[in-house]
Amino acid sequence: MESESARKASTSDAAEWNAVLRAQRAHFAAEEKDLEGLLVQVRNVRELAGAVGREADEQTALIDGLEHSIDHAQNVAGRRNSEARDWKKRQAPLGVRRFCMLLWPAVLLVLFILWLIGLFGRRR
């Protein structure tokens, strides 16, 4: 009888082990399915990140081009302003300082002429 009860015990142990193995296999299959889904999501995120990176690179290139255009426009505007100031200075009437500088030689010339007139006028 012991052999029969030992056989029944080993059969029930084997059945329990089979049930445990089936449960583990089902659990592993479910985990594998979840991991495959997670892998698909990771691939999608990777593709999205690549697209965002490419878009950022394109936007950076556009911004760099815009900065270059703005710098060029500022340089041109600065040159035009400088040219306008120079033109305005050339077109403006003589300043007081220049007028006085030109007036001194004329005053000296008039005084010299008056001296000569006075010098020759006394001799007669």
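What percentage of the 124 residues of the protein chain count as buried? The answer is 0%, where buried means under 20% relative accessible area, exposed over 50% and partly exposed in between (1.4 Å probe, protein chains only). Keep in mind that this is a predicted model, where local features need pLDDT of at least 70, side-chain atom pairs count only at pLDDT 80 or more, and totals for chains, interfaces and linings use all residues. Residues are numbered from 1 along each chain as its sequence is written, and side-chain values use heavy atoms, leaving out hydrogens and water.

Next, color by secondary structure: the protein chain has two helices and zero strands (DSSP runs numbered from the N terminus: H or I of at least four residues for helices, E of at least two for strands).

Now select E83 and R80, both in helix α1 (residues 2-91) and three residues apart, about one turn of the helix. They form a salt bridge, with the closest N and O atoms 3.6 Å apart (the cut-off is a side-chain nitrogen of Lys or Arg within 4 Å of a carboxyl oxygen of Asp or Glu). The structure holds one such bridge.
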